[in-house]
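User: I would like a close look at a single part of this model, with the cut-offs stated as you go.

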Amino acid sequence: MSYELSEKFARLRPSAVREILKATSQPGMIAFAGGSPAVEAFPCEEVKTLSNKILSENPVSALVYGVSEGYEPLRVQVREWLKRRDNVGTADDEIIITSGGTQVMDITARILAGEGDTVICEDPSFIGSLNCFRSHGLSLAGVPIDSDGMNIDALEKTIKRCKRAKFIYTIPNFQNPGGTTLSLEKRRRMYDLAKENGLVILEDDPYGNLRVEGESVPSIKSMDTDGIVVYAGSFSKILAPGIRVAYAVVPKKMAGAFTIGKQVSDVHTGVLNQMIVSRWFDEYDVDAHIEDIRKIYRRKLALMCDCLDEYCGGFIEYVRPQGGLFIWAKLPKSVDMTDYVNRLIERKVAVVPGTAFMTDDTKPCSYMRLNYSTPSDEDIVKGVKIMGETAKQFK
């Protein structure tokens with residue numbers, strides 16, 4: 001039996017990140033292509049202890065169906081935690097637990113936009129979200145980023161040009177892949193532009209807790225007095241990605257539709273996993289854990305930057321991020337990025353070509369994304385040294 005893919009799905013391409021990650025399974029491959037947290041940051045013993053307690057004390061409560069909005073104790077804990085740490089969420093917002101952060105993007109796109117509508121986003125941006133929007137038949141209007149985030153002048157022009165725009169998608173903290181942080185002035189201006197033009201802002205903040213340098217910048221959601229910002233957060237980067245527990249802070253006027261939209265994807269997020277996160281809040285110092293993992297990323301980021309300066313200086317340019325997991329590295333325009341990436345893979349160093357993150361991935365791109373959280377310190381040094389040696393072939 002033969003079959004045909006739907007027109008919307010047929011337009012999608014495999015994630016370049018996932019395709020390159022297949023190469024990382026080769027023995028000896030140094031993986032700068034991943035996006036996972038450092039394994040040494042996982043609180044493995046804590047999760048084991050909490051799981052055993054939950055399944056010993058009342059296993060049925062963890063194994064039955066749950067409500068779509070999420071495990072209520074966890075919803076309360078997330079609300080209190082976000083308010084205390086970041087002043088996110090008011091009485092006019094609802095906390096809804098999701099199965100990973102990308103589900104927030106999927107639901108928001110489903111309930112706010114129809115096929116042929118436009119989402120305005122940073123260019124480059126996270127490939128998972130871009131493909132999510134494409135899968136709904138949405139057009140992508142990319143806005144270039146500066147060293148301090150999305151270019152707001154370009155954003156204003158894009159809004160005027162895109163008559164069917166429904167929302168703005170932004171990763172304001174340590175952007176994936178660009179590593180940039182949206183300045184406070186730009187956050188305020190973005191909010192004002194959205195308000196003036198009847199747009200929602202989808203603020204995706206999976207990396208905000210991974211700041212290792214500089215001062216924290218207030219979230220756009222903390223400025224939201226009009227109920228136009230959906231805020232997405234996740235426990236993947238501070239607890240463990242395999243838990244698949246994330247959350248959305250949704251204006252109450254949108255929460256009913258958001259819940260129905262979630263039910264289209266799944267009945268509920270796994271109850272056991274939600275209970276593990278809830279007990280984690282109850283029995284451990286989450287903020288202290290975050291400070292501990294920041295030390296890990298501070299060291300690994302400094303190591304990779306030092307190695308890039310030593311082995312790739314004069315060839316690779318980059319803006320040092322203040323946190324997150326990625327460095328957005330620029331090659332000379334004279335260098336064929338795909339050729340360089342392929343030569344690295346031949347020498348067992350995997351990076352992600354920048355084209356994967358562009359709203360139009362058919363255009364030339366001189367960038368590649370480097371991840372410093374996944375590889376060991378030894379592999380960071382070895383891998384960047386190979387990058388420098390390979391660069392000499394292009395001079």
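Which side chain does a polar contact of 3.0 Å join to that of aspartate 377?

Analyst: This is a predicted model, in which local features need pLDDT of at least 70 and side-chain atom pairs count only at pLDDT 80 or more, while totals for chains, interfaces and linings use all residues. Residues are numbered from 1 along each chain as its sequence is written, and side-chain values use heavy atoms, with hydrogens and water left out.

The partner is arginine 299, whose side chain is joined to that of aspartate 377 by a polar contact of 3.0 Å (a pair of N or O atoms within 3.5 Å; within protein, one must be able to donate a hydrogen and the other to accept it, and residues adjacent in sequence count only if both atoms are side-chain atoms). Aspartate 377 lies in helix α14, residues 377–391 (helices are DSSP runs of H or I, at least four residues, numbered from the N terminus). Because its relative accessibility is 27%, aspartate 377 counts as partly exposed, the class between buried, under 20% relative accessible area, and exposed, over 50% (1.4 Å probe, protein chains only). Leaving aside residues up to four places away in sequence, aspartate 377 touches Arg299, Lys300 and Leu303, where contact means heavy atoms within 4.5 Å. By contrast, glutamate 346 is 31 residues from aspartate 377 in sequence and 21 Å from it in space, C-alpha to C-alpha.

Helix α12 covers residues 286–312.

Technical notes. Helices (H or I, at least four residues) and strands (E, at least two) are DSSP runs, numbered from the N terminus.
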